[in-house]
Amino acid sequence: MKFTAHEFVKAANSVKPKDHGASTVTGTGVDCQGYDDALVLLETGTATATGTLTVAIQESDDNSTFAAVSTATLPASGTYSDTQDDKTYVARLDLRARKRYLRAVSTVGTAAYPHAVSFILLKPANGPATQLNTNVFNL
């Protein structure tokens, strides 16, 4: 039996792509139940000269009360600045030791910093994976 890639992964957006102004942006919770691994994708746009960005990953049992995953901050130390414009950063998270729901919380300092944070869930226990976007297609 042949499987296609979308049957083994599930893509979910937490912080929607936008030119986020100086603030804390709390992303949407993503249900990770039944998956072993996740890739966290941070995509940055062109920041203003003084824009800075940090992203923390939080977890929850109920998609309501969240706490920080202590080892999951992007970047690992410091902040992103305009020298990290227009890039994609990827981090891996072992879901077997995590709670059911994850979300990203980004902190934009000083000036706007366009970005988005998504989770790519991998290794479904009960495949095939069900996509949030039903417009899956093959090329």
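A salt bridge is a side-chain nitrogen of Lys or Arg within 4 Å of a carboxyl oxygen of Asp or Glu, and a search of the whole structure finds six of them. This is a predicted model, in which local features need pLDDT of at least 70 and side-chain atom pairs count only at pLDDT 80 or more, while totals for chains, interfaces and linings use all residues. Residues are numbered from 1 along each chain as its sequence is written, and side-chain values use heavy atoms, with hydrogens and water left out.

**Overall build**

- The protein chain has zero helices and nine strands, where helices (H or I, at least four residues) and strands (E, at least two) are DSSP runs numbered from the N terminus.
- Of the 139 residues in the protein chain, 42% are buried, a term that stands for under 20% relative accessible area, with exposed meaning over 50% and partly exposed the range in between (1.4 Å probe, protein chains only).

**Salt bridges**

- Asp61 pairs with Lys99 in a salt bridge whose closest N and O atoms are 4.0 Å apart; Asp61 lies in the loop between strand 5 (52-60) and strand 6 (67-74) and Lys99 in the loop between strand 7 and strand 8, so the pair ties together parts 38 residues apart in sequence.
- Asp61 is exposed, at 55% relative accessible area, whereas Lys99 is partly exposed, at 35%.
- Within the bridge between Asp37 and Lys123, the closest N and O atoms are 2.9 Å apart; Asp37 is buried at 4% relative accessibility, while Lys123 is exposed at 51%.
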